[in-house]
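Thanks for coming. I will walk through one structure today, so please keep the sequence and the model open while I talk.

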Amino acid sequence: MTDLSKQTSGVNGAGGSVAIFGGTFDPVHNGHLRSAIEIKEALSVDELRLMPSHRPPLRGEPGAESGQRLAMVSAAITGESGLYADGRELLRDGPSYTVDTLRDLRAELGAAVSLTVVMGSDAFNQLHRWQDWRLLFDLANVLLLHRADYPLAADATVTEFAEARRLAKASALTAVSAGGFFELGLIQLPISATDIRQRLASGRSIRYLVPDVVADYIAEHGLYTQ
């Protein structure tokens, strides 16, 4: 079983830039991984941390255990420069609140490090329901990632709040430690974790939808078969 503690390169209070790409990763697939690469390149960050959530407050229970999801993420990004797995949210007994994660990261990294949280349009549409959502901008920058399957329809209060913090380009987020906002449109691979779980439950192939190392892990542990 993979250690649930964070597995990162050690950017610290001396400076640098970190972006957080969270999700259930149930399982991590090639769509997640391609997006991670493009986000890292667009922001020019030193680190992009893939951070599996333990119990997302606004979603159902994941199909795989916390340690299994972290193990699949870790295996999928092995050898990829600048990508790291961070399992800190999996250590919590309760729901995963992003504001708590960002407080934890700020205490660890210090005030000088540029910290950006990445969220899809599905999450941004629900941001007004998040715990202490305004504080996210005090602790980090926010990069909104457009998803074709979730048209942008954010609460008006959230939209106005974010617009007041909009920057001119994605890479400008790394020039400030927190408080910036930018929207990024990516060509995303049409791959769904839900579809992958359904394929596995019905005995169909998931080849080329996930890295081979993830497919092997799923098969070895008999995941998503029911």
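Y224 sits in the segment after α8, which covers 212-221. Keep in mind that this is a predicted model. What is the phi of Y224? It is near 65°, a positive value in a residue other than glycine. Y224 counts as buried because its relative accessible area is 8%, and the cut-off for buried is under 20%.

There is another residue of this kind. S44 is not a glycine, yet its phi is positive, at about 55°. You will find S44 in the loop between α1 and β2.

While we are on backbone geometry, look at D26 and P27. The peptide bond that joins D26 and P27 is cis, with omega at about 5°. P27 belongs to the loop between β1 and α1.

That brings me to β1 itself, residues 17-23. Of the 7 residues in β1, 5 are buried, so I would call the strand mostly covered. Which strands pair with β1? One is β4, residues 114-120, and the pairing is parallel over 5 bridges. S17 has S114 of β4 as its bridge partner. Another is β2, residues 47-52, again in the parallel sense, over 6 bridges. Here V18 has E47 of β2 as its bridge partner. To get from β1 to β2 the chain passes through helix α1, residues 30-43, and this β-α-β crossover is right-handed.

The largest nonpolar core has 40 residues. Which of them touch the most other members? They are I39, L43, L48, L50, M72, L143 and I218. Take I39 from that list. Setting aside residues up to four places away in sequence, I39 touches L48, V118, L143, L145 and L186. There is also a second, separate core of 26 residues, with L109, L115, L127 and L144 among its members.

Now a helix with two sides, α6, residues 156-163. The buried residues here are V158, F161 and A162. Why do they fall on the same side of α6? Because they cover an arc of only 95° around the axis. A156 and E160, on the other side of α6, are exposed. What do the buried residues of α6 pack against? Their partners are α4 (121-125), α5 (136-139) and β6 (181-185). At the N-terminal end, α6 is capped by D155, with a side-chain oxygen 3.0 Å from the backbone nitrogen of T157.

Is D86 buried or exposed? Its relative accessible area is 0%, so D86 is buried. R88 is in the loop between β3 and α3 as well. R88 counts as buried because its relative accessibility is 8%. The side chains of D86 and R88 are joined by a polar contact of 3.1 Å. R88 also makes a side-chain polar contact with the side chain of D104, at 2.4 Å. If you want to look at one side chain in this region, R88 shows both of these contacts, to D86 and to D104.

Moving into α3, we find T101. With a relative accessible area of 2%, T101 is buried. Which residues does T101 contact, leaving aside its neighbours within four places in sequence? They are M51, R88, E89 and R92. So R88 comes up again here, as a contact of T101, because the list of its contacts is M51, R88, E89 and R92. As for M51, it is 50 residues from T101 in sequence, and their C-alpha atoms are 10.0 Å apart in space.

Y84 is in β3. Y84 has a relative accessibility of 23%, so it counts as partly exposed. Between the C-alpha atoms of Y84 and V113 the separation is 17 Å, and the two residues are 29 apart along the chain.

That is what I had. I am happy to take questions.

Terms used: Residues are numbered from 1 along each chain as its sequence is written. This is a predicted model: local features need pLDDT of at least 70, side-chain atom pairs count only at pLDDT 80 or more; totals for chains, interfaces and linings use all residues. Side-chain values use heavy atoms; hydrogens and water are left out. Buried means under 20% relative accessible area, exposed over 50%, partly exposed in between (1.4 Å probe, protein chains only). A polar contact is a pair of N or O atoms within 3.5 Å; within protein, one must be able to donate a hydrogen and the other to accept it, and residues adjacent in sequence count only if both atoms are side-chain atoms. Helices (H or I, at least four residues) and strands (E, at least two) are DSSP runs, numbered from the N terminus. The arc is that of the directions from the helix axis to the C-beta atoms. Contact means heavy atoms within 4.5 Å. A nonpolar core is a set of buried Ala, Val, Leu, Ile, Met, Phe, Trp, Tyr and Cys residues joined through side-chain atoms within 4.5 Å. Two strands pair if DSSP finds at least two bridges between them. A crossover is right-handed if, with the strands pointing away from the viewer, the path from the first strand over the helix to the second runs clockwise.
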